[in-house]
Amino acid sequence: MTSITMRMPEDVVKDLKRIAPLLGFSGYQALLKFYVGLGLRKDLAKLETERLPQIVSALRKRGVSSKAIADAISEANS
């Protein structure tokens, strides 16, 4: 873990502190880490999905069969 410092509006911190225990978090910082991680995973998945057609095209140009590509995508998604 690494320590960071962020400036946030007071009302946002107040709301985080209020809602954290209601959602089962030990404190607002744990909730904040959860929210950051959730957003990051969502954005990473979106970026990977957007790049998939380019990757498939590059593999086809290199002679990789459609079945092999489909099998690899299926395996990666399971």
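A pocket here is an open set of grid points, with protein on both sides within 12 Å along at least five of seven lines, and its lining residues have an atom within 4 Å of a point. Keep in mind as you click around that this is a predicted model.

**Stop 1: the largest pocket**

Start by selecting Ile4, Met6, Gln29, Leu32 and Lys33. Of the 13 residues that line the largest pocket, these lie nearest its centre. The space you're looking into has a volume of about 470 Å³.

Now colour helix α2, residues 28-61. Which element gives the most to this lining? That's α2, with 5 residues. Switch to colouring by residue class and the lining splits into 8 nonpolar, 4 polar and 1 charged residues.

**Stop 2: the second largest pocket**

Next, move along to Glu48, Thr49, Arg51, Leu52, Ile55, Ala72, Ile73, Ala76 and Asn77, which line the second largest pocket. Two elements give two or more residues each to that lining: α2 and α3, the latter spanning 66-77. Here too α2 gives the most, again with 5 residues.

About 200 Å³ of space lies in this pocket. By class, its lining holds 5 nonpolar, 2 polar and 2 charged residues.

**Stop 3: where α2 meets α3**

Leave α2 and α3 on screen and hide the rest. Two packed helices are described by the angle between their axes and the distance between the axes. For this pair, the axes come within 10 Å and cross at roughly 145°. Is the crossing left-handed or right-handed? It's right-handed.

To see who does the touching, show side chains for Leu52, Val56, Leu59 and Arg60 on α2, then Ser66, Ile69 and Ile73 on α3. That contact set divides into 5 nonpolar, 1 polar and 1 charged.

**Stop 4**

Last, jump back to helix α1, residues 10-19, and pick out Asp15 and Arg18. How far apart are the N and O where these side chains meet in a salt bridge? The answer is 3.7 Å, inside the 4 Å cut-off used for a salt bridge. Asp15 and Arg18 are separated by about one helical turn, because they sit 3 residues apart in α1. In total, the model has 2 salt bridges by this rule, and the Asp15 and Arg18 pair is one of them.

Note on methods
Residues numbered from 1 in each chain as written. Predicted model: local features only at pLDDT ≥ 70, side-chain atom pairs only at ≥ 80, totals over all residues. Heavy atoms only, no water. 1 Å grid on protein atoms, 1.4 Å probe; cavity = no way out; pocket = protein on both sides within 12 Å on 5 of 7 lines; lining within 4 Å. Points joined across faces, edges and corners; volume = space filled by probe spheres on them. Helix = DSSP H or I, 4+ residues; strand = E, 2+ residues; numbered from the N terminus. Nonpolar A, V, L, I, M, F, W, Y, C, P; charged D, E, K, R; others polar. Axes fitted to C-alpha atoms, helices over the stretch in contact; angles between N-to-C directions. Left-handed = near helix turned anticlockwise from the far one by under 90°. Contact = heavy atoms within 4.5 Å.
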